[in-house]
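Subject: Structure handover

Hi,

Here is the structure I promised to pass on. Please open it next to this email, as my notes follow below.

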Amino acid sequence: QVQLVESGGGLVQPGGSLALSCAASGSIARIDAMDWYRQAPGKQRELVATISSGGSTHYADSVKGRFTISRDNAKNTVYLQMNSLKPEDTAVYYCNAHMAPLGFVLRSYWGQGTQVTVSS
């Protein structure tokens, strides 16, 4: 069984920084793209950033220049460095990875979510 475990959320003041991490565990044969999504109260889940297995990245316009996604393939871990945080960044942040467990096909897996609150 494979799973994604997130860590690093919390409360931060506007203008502050937080770093999230998401580690995949289990018998994993392959991991393709890894993504961060977020969902604010009363809103739909939205894509924040994505990174391919080769390191190519894409960001939502709302976080460009402030957030950085990276990954360590040896550790099966994806990171999200969030700087210059704004109150509108407040949301539950979810990790998503396209993984193939040993003997199984590639599909999407979700982490449990971690709360990020930006408030003074």
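First, two terms. Strands are DSSP runs (E, at least two residues), numbered from the N terminus. Two strands pair if DSSP finds at least two bridges between them.

Now the provenance. This is a predicted model, in which local features need pLDDT of at least 70, side-chain atom pairs count only at pLDDT 80 or more, and totals for chains, interfaces and linings use all residues. Residues are numbered from 1 along each chain as its sequence is written, and side-chain values use heavy atoms, with hydrogens and water left out.

Four strands form an open sheet in the order 1-3-8-7, and their pairing is antiparallel. Strand 1 (3-7) and strand 7 (67-72) stand at the edges with a single partner strand each, so one side of each has no neighbour in the sheet. From one strand to the next, the twist averages 15°. For that angle, axes are lines fitted to C-alpha atoms, and angles run from 0 to 180 degrees between N-to-C directions. Inside the sheet, strand 3 (residues 18-25) runs antiparallel to strand 8 (residues 77-82), and six bridges pair them. Look for cysteine 22: its bridge partner in strand 8 is valine 78.

Pairings of strand 11

Strand 2 (residues 10-12) pairs with strand 11 in the parallel sense, over three bridges. Here glycine 10 has valine 116 as its bridge partner. Strand 9 also pairs with strand 11, but in the antiparallel sense, over three bridges. Valine 92 stands opposite glutamine 115 there.

Buried means under 20% relative accessible area, exposed means over 50%, and partly exposed lies in between (1.4 Å probe, protein chains only).

Salt bridges

There are five salt bridges in the structure. The criterion is a side-chain nitrogen of Lys or Arg within 4 Å of a carboxyl oxygen of Asp or Glu.

Start with aspartate 89. One of its partners is arginine 38, with the closest N and O atoms 2.9 Å apart. Aspartate 89 sits in the loop between strand 8 and strand 9 (91-101), and arginine 38 in strand 4 (residues 28-39), so this pair ties together parts 51 residues apart in sequence. Both residues are buried.

Aspartate 89 also meets arginine 66 in a salt bridge, at 2.8 Å from N to O. Arginine 66 is in the loop between strand 6 (57-59) and strand 7, so here the tied parts are 23 residues apart in sequence. Relative accessibility is 1% for aspartate 89 and 9% for arginine 66. Through shared partners, salt bridges join Arg38, Glu46, Arg66 and Asp89 into one network.

What about lysine 64: which residue does it bridge to? The partner is aspartate 61, with the closest N and O atoms 3.2 Å apart. Lysine 64 is partly exposed at 47%, and aspartate 61 is exposed at 65%.

The nonpolar core

A nonpolar core is a set of buried Ala, Val, Leu, Ile, Met, Phe, Trp, Tyr and Cys residues joined through side-chain atoms within 4.5 Å. The largest one has 32 residues, and Trp36, Leu80, Met82, Tyr93 and Met99 have the most contacts inside it. Strands that each supply at least two of its residues include strand 5 (46-51) and strand 11 (114-118). Strand 9 gives the largest share, five residues.

Best wishes
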